[in-house]
Amino acid sequence: MTTEQIPASEAPATPGSPRSAAAVRRFACGLGAVWVATRLGMLALLAQPLAAFDVGTISSEVHQIYYGWYGQLAQGGFPLDDVMWQYPPGAALVILGPGALPWLTYFQAFLVLTLAADGLLACALARAGLRPGRRTDGAWLWVGALPLLLHLPLVRYDVQVTALAVLALLALQRHPRVGGALAGLGATVKVWPVLALLGAPRGRTTRDAWLSAAAGAAALLAVLAFGFSHTLGFLRQQGSRGVQIESAAGTVLSLARLAGWPGTVEYRYGAMELTGPYVPALAHASLVLTAAAFCWLLLWRIRARRWTPATPFDAALAAVLLFTVTSRVISPQYLVWLLGLAAVCLTSRATTQRPVAALLLPAAALSALAYPVLYDDVVSGTPLGCALMVVRNLLLLAAALLSCHRLWASSRSAGAVRERGRPAPE
């Protein structure tokens with residue numbers, strides 16, 4: 001059976017896709033006002049010493065860790081002996097970025113660049129949503145849902161990485177080489193953006209995108225290897241990672257603590273990890289599940305027969321969800337990735353992932369409750385902390401399973417991609 005690709009077509013304006021100049025202006029003003037108001041609120045949380053939010057600890061990642069790495073990178077070397085440096089070499093570009101604004105402190109410059117990436121991402125989603133047959137829901141989701149994570153996204157570099165993945169997906173259909181290059185650049189910064197290419201339509205689009213991603217990543221890595229020492233030193237830190245308390249495996253062990261399991265919690269590799277009996281076994285099981293998820297994605301790719309314009313978006317979200325729920329580590333900033341990918345999905349009328357996006361909203365809110373609001377309960381393994389993590393991780397698991405089910409069904413069934421007997425417009 002040959003692959004069927006549902007073509008894009010124009011459609012009349014819909015409530016989710018304003019077309020008139022007046023509607024576009026109202027949409028832009030409304031979205032901009034919400035973005036400004038919510039981002040000022042997020043900044044206010046950083047400015048206020050609220051003990052309940054443990055602001056000092058959250059912002060110290062930039063003040064101390066990122067700034068310390070900046071000093072080492074500025075001298076031409078990657079942090080060789082720092083167990084917290086676990087990122088691909090391209091992350092150096094983000095860490096060094098604030099140095100381009102010397103009239104600001106490192107922390108201030110980092111915030112400015114993060115907000116710039118956030119604003120760029122919102123504009124890109126809005127622009128995509130205003131195209132004929134598309135929807136503006138994605139822009140609203142990103143602007144309105146990111147504050148559910150409180151101020152955490154401002155003091156991690158996941159917004160910048162998510163922007164690369166989102167821009168890669170939005171460019172993939174019309175400019176596959178550009179999309180591939182952006183995904184390759186993102187992969188050198190934090191690996192997962194390469195999954196943006198998983199759902200690229202077969203044929204020339206896939207070939208051009210993957211070749212461009214490989215060439216771009218290789219070129220950047222070569223430049224970094226020439227300019228810095230110990231470029232691949234991060235690899236030695238990955239194999240020793242344990243089970244973080246917020247991961248699915250960590251939730252199982254936290255429940256076991258309530259039942260008398262003798263394990264303890266230690267600060268290791270930049271996270272609170274569980275140590276004790278059965279931890280290595282669960283860590284290995286997580287790796288096996290990650291490998292199984294990768295095999296499922298390959299099977300989907302082989303068996304898929306129909307592509308809609310939303311298939312690359314839906315496949316990227318499903319893939320990142322699978323790797324998130326099977327990971328030994330689920331940091332709260334991972335929700336930044338998922339919200340960004342869900343927002344891309346919602347720019348398309350053909351997406352199958354609207355219910356998945358709805359599940360991610362409470363998952364993001366609960367992630368913020370887990371860290372930083374109730375983190376002491378999570379670390380101590382109190383009934384409240386365990387209940388919080390159980391519900392959050394069950395939401396993520398349900399989102400992953402639902403995402404995969406709907407992706408598989410839409411790729412195998414012609415009826416799943418049609419509306420009123422017509423091809424789904426893009």
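Lys 190 is buried, with a relative accessible area of 14%. This value comes from a predicted model, and the views below show side-chain pairs from it.

**View 1. Lys 190 pairs with Asp 158 in a salt bridge.** The N to O distance is 2.7 Å. Asp 158 is buried too, at a relative accessible area of 1%. Both residues fall under the 20% cut-off for buried. Asp 158 sits in helix α6 (residues 158-172) and Lys 190 in helix α7 (residues 176-190), so the contact ties together parts 32 residues apart in sequence.

**View 2. Arg 135, Asp 137 and Arg 354 form one network.** Salt bridges with shared partners join these residues. In one of them, the side chains of Arg 354 and Asp 137 meet at 3.0 Å, N to O. Arg 354 belongs to helix α14 (residues 354-373) and Asp 137 to helix α5 (residues 137-145), so this pair links parts 217 residues apart in sequence. Arg 354 counts as partly exposed because its relative accessibility is 28%.

**View 3. Asp 118 and Arg 39 meet in a salt bridge.** Their side chains come to 2.6 Å, N to O. Asp 118 lies in helix α4 (residues 106-129), Arg 39 in helix α1 (residues 21-47); the pair therefore ties together parts 79 residues apart in sequence. Asp 118 and Arg 39 are both buried.

**View 4. The whole structure holds eight salt bridges.** Among them are Asp 158 with Lys 190, Arg 354 with Asp 137, and Asp 118 with Arg 39.

Technical notes: Residues numbered from 1 in each chain as written. Predicted model: local features only at pLDDT ≥ 70, side-chain atom pairs only at ≥ 80, totals over all residues. Heavy atoms only, no water. Salt bridge = Lys/Arg side-chain N within 4 Å of Asp/Glu carboxyl O. Helix = DSSP H or I, 4+ residues; strand = E, 2+ residues; numbered from the N terminus. Buried < 20%, exposed > 50% of the residue type's maximum accessible area, 1.4 Å probe, protein only.
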